[in-house]
Amino acid sequence: MSEIKEKKPDDVELRKLYGSWIKRTALMLKSRMPWADVDELLQLGAVGMLEALQRFDSTRGVDFQAFCSRRIRGAMIDGLRREGALQRGEAPFDGDKIDTAALISGDSPEDPFTQLTRSDNKKLLVVALQCLPPLEYRVLALHFYDEMNNREIAAILAISEGYASRIRKRALDIMAVRLTELMKGETVQCPQ
C-alpha cells in the first residue's frame, strides 16, 4: 500500500485493487437508494476513478486510496443527482437562453440595476442609502464600492464573516423596502 501513496497505480493494479471496491460502493449506495441502477453506478464509479487518477497529486501527502475513494463515491452521487433531475424533467438553468428568448419575444423586463442607474432613480438610491444605519452603510460601501468579500469586510470591521454577511443581507433588505416605497412615491422616514 505504501507504493500506492507515492505513485499512481497502473491499470492492472487499479482493476485489482479498486474493481471490487467500486462494486462494493455501488452496492452500498444501491441499498440506500433503491431506485439507483447498479450498472450506472459502476460506470459512474469508473469515471470517478479515472478523474481521481488525473487529479491525484502525491506531493500533497494524501493517500491515493483515500483520495480516490471520496472521488468515486462523489462521482456516483453526482451522477445520480444529474440523472434524477433529468427524470423529473428539470433542465439545467440557462439564464442566457431565457434572456435571449425574452428579448426576441419583446417581453424582456428591465433589470433592477438598469432601473436604478437611470438618472431619475439615482436620487432615490441616494435617499435610500442615507436611510441606512452606519454599520449597514459601511458594509455595503465596502462590498460594492471597494469590491471586498465578506471575509475582508469582517477583518476590517473586526466582526465574524457570518455577521458581515448578515449585515449585508439586512442592508440590502432595508434598501429594497426603501426603494420600493420611494418608487411608489411614498415619503420615507429615515430612522435616526
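**Salt bridges and burial**

User: What makes aspartate 173 and lysine 169 a salt bridge?

Analyst: Their side chains meet with N and O 3.0 Å apart. A salt bridge is a side-chain nitrogen of Lys or Arg within 4 Å of a carboxyl oxygen of Asp or Glu, so the pair qualifies. Before we go on, please keep in mind that this is a predicted model, where local features need pLDDT of at least 70 and side-chain atom pairs count only at pLDDT 80 or more, while totals for chains, interfaces and linings use all residues. Residues are numbered from 1 along each chain as its sequence is written, and side-chain values use heavy atoms, with hydrogens and water left out.

User: How far apart are aspartate 173 and lysine 169 along helix α10?

Analyst: They are 4 residues apart, which puts about one helical turn between them. An α-helix has 3.6 residues a turn, so residues three or four places apart point the same way. As for the label "helix", it is given to DSSP runs of H or I with at least four residues, while strands are runs of E with at least two, numbered from the N terminus.

User: Why is lysine 169 called exposed, and what is aspartate 173 called?

Analyst: Buried means under 20% relative accessible area, exposed over 50%, and partly exposed in between (1.4 Å probe, protein chains only). Lysine 169 has 51%, so it counts as exposed. Aspartate 173 has 39%, so it is partly exposed.

User: How many salt bridges are there by this rule?

Analyst: The count comes to 6. One of them joins glutamate 136 and arginine 170, whose closest N and O atoms are 2.6 Å apart. Glutamate 136 lies in α8 and arginine 170 in α10 (residues 161-183), so this pair ties together parts that are 34 residues apart in sequence.

User: Is glutamate 136 buried or exposed?

Analyst: Its relative accessible area is 6%, so glutamate 136 is buried.

User: What does glutamate 136 touch?

Analyst: Contact means heavy atoms within 4.5 Å. Leaving aside neighbours within four places in sequence, glutamate 136 is in contact with Ile167, Arg170 and Ala171.

User: Which parts does the salt bridge between arginine 151 and glutamate 161 link?

Analyst: The closest N and O atoms of that pair are 3.5 Å apart. Arginine 151 is in α9 (residues 150-157) and glutamate 161 in α10, 10 residues away, so distant parts of the chain are linked. Arginine 151 is exposed, as its relative accessible area is 58%, whereas glutamate 161 is partly exposed at 37%.

**Helices and their packing**

User: How does the span of α8 compare with what is expected at 1.5 Å a residue?

Analyst: The expected span is 1.5 Å times one less than the number of residues. Helix α8 (residues 134-145) has 12 residues and reaches 15 Å from its first C-alpha to its last, close to the expected 16 Å.

User: How do you know where the buried residues of α8 sit around the helix?

Analyst: They are Glu136, Val139, Leu140 and Leu142. Seen down the axis, they fall within an arc of 165°, so they line one face of α8; the arc is that of the directions from the helix axis to the C-beta atoms. The buried residues pack against α9 and α10. The face turned away from them carries the exposed residues Pro134 and Tyr145.

User: Why is α9 described as roughly perpendicular to α10?

Analyst: The two pack at an angle of about 105°, with their axes 8 Å apart. Axes are lines fitted to C-alpha atoms, for helices over the stretch in contact, and angles run from 0 to 180 degrees between N-to-C directions. Angles under 35 degrees count as roughly parallel, over 145 as roughly antiparallel, 65 to 115 as roughly perpendicular and the rest as oblique. About 105° therefore makes α9 roughly perpendicular to α10. The contact is made by Asn150, Arg151, Ile153 and Ala154 of α9 with Glu161, Ala164, Ser165 and Arg168 of α10.
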